[in-house]
Amino acid sequence: MYFIQAYFLINSERKEPCFGEKIEAWDFGPVVPEAYREYKQYGGGDIPTIASYLEFNEETPWETERKKYTAHLVARKDRRLIDEVVNRFSDYTATDLVNLTHNQAPWKDAYVRNQNNEITVDAIRKYFNE
């Protein structure tokens with residue numbers, strides 16, 4: 001997700017973040033905590049395609065609605081860019097990705113052992129625009 005965010009910040013038409021959740025510098029690299037908590041149950045296995053999701057009402061958070069997931073929820077051009085990033089890095093091993101991100105300023109500058117500091121959008125944008 002770190003690389004997807006980077007690509008959106010430098011390669012998309014809007015040059016805006018792909019998502020609003022923060023990225024943190026964890027021991028093994030950049031992590032989106034919300035995504036980690038959602039998908040950690042799958043470990044190293046494949047994450048299944050979702051058929052539906054829960055939408056929460058901000059005014060009454062205890063009220064949720066199950067909605068069917070459809071691909072049009074993500075703009076076609078955004079899906080293409082996400083697919084491009086996933087395809088580019090799909091042959092990298094976990095170790096390769098750890099080594100790659102540990103040598104990049106956004107992670108190195110934010111990382112402090114046991115602190116999970118935020119890797120800011122500005123830090124990612126600056127690094128990948130250089």
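Two strands pair if DSSP finds at least two bridges between them. Helices (H or I, at least four residues) and strands (E, at least two) are DSSP runs, numbered from the N terminus. The legends below describe a predicted model, in which local features need pLDDT of at least 70, side-chain atom pairs count only at pLDDT 80 or more, and totals for chains, interfaces and linings use all residues. Residues are numbered from 1 along each chain as its sequence is written, and side-chain values use heavy atoms, with hydrogens and water left out.

**View 1. Overall arrangement of the protein.** The protein contains six helices and five strands, which follow one another along the sequence as α-β-β-α-β-β-α-α-α-β-α. Along the principal axes, its C-alpha atoms fill a box of roughly 40 × 35 × 30 Å. Of the 130 residues, 26% count as buried, that is, under 20% relative accessible area, with exposed meaning over 50% and partly exposed in between (1.4 Å probe, protein chains only). Among contacts (heavy atoms within 4.5 Å) with a separation of 6 or more, 53% are between residues 24 or more positions apart.

**View 2. Strand S1 and its two partners.** Strand S1 spans residues 23-26; Ile-23 and Ala-25 point one way from S1, Glu-24 and Trp-26 point the other way, and all are buried. S1 pairs with strand S5 (residues 118-119) in the antiparallel sense over two bridges. Within S5, Glu-118 is the bridge partner of Glu-24. S1 also runs antiparallel to strand S2 (residues 29-31), to which three bridges join it. Here Pro-30 of S2 is the bridge partner of Ala-25. S1 and S2 form a hairpin, with two residues between them.

**View 3. Packing of helix H1 against helix H3.** Helix H1 (residues 2-11) and helix H3 (residues 76-89) pack at an angle of about 130°, and their axes lie 10 Å apart. H1 is therefore oblique to H3: angles under 35 degrees count as roughly parallel, over 145 as roughly antiparallel, 65 to 115 as roughly perpendicular and the rest as oblique. Axes are lines fitted to C-alpha atoms, for helices over the stretch in contact, and angles run from 0 to 180 degrees between N-to-C directions.

**View 4. Residues at the contact of H1 with H3.** H1 contributes Phe-3, Ile-4, Tyr-7, Phe-8 and Asn-11, while H3 contributes Asp-78, Leu-81, Ile-82, Glu-84, Val-85, Val-86, Arg-88 and Phe-89. By class, nine residues of this contact are nonpolar, one is polar and three are charged. Ala, Val, Leu, Ile, Met, Phe, Trp, Tyr, Cys and Pro count as nonpolar, Asp, Glu, Lys and Arg as charged, and the others, Gly among them, as polar.
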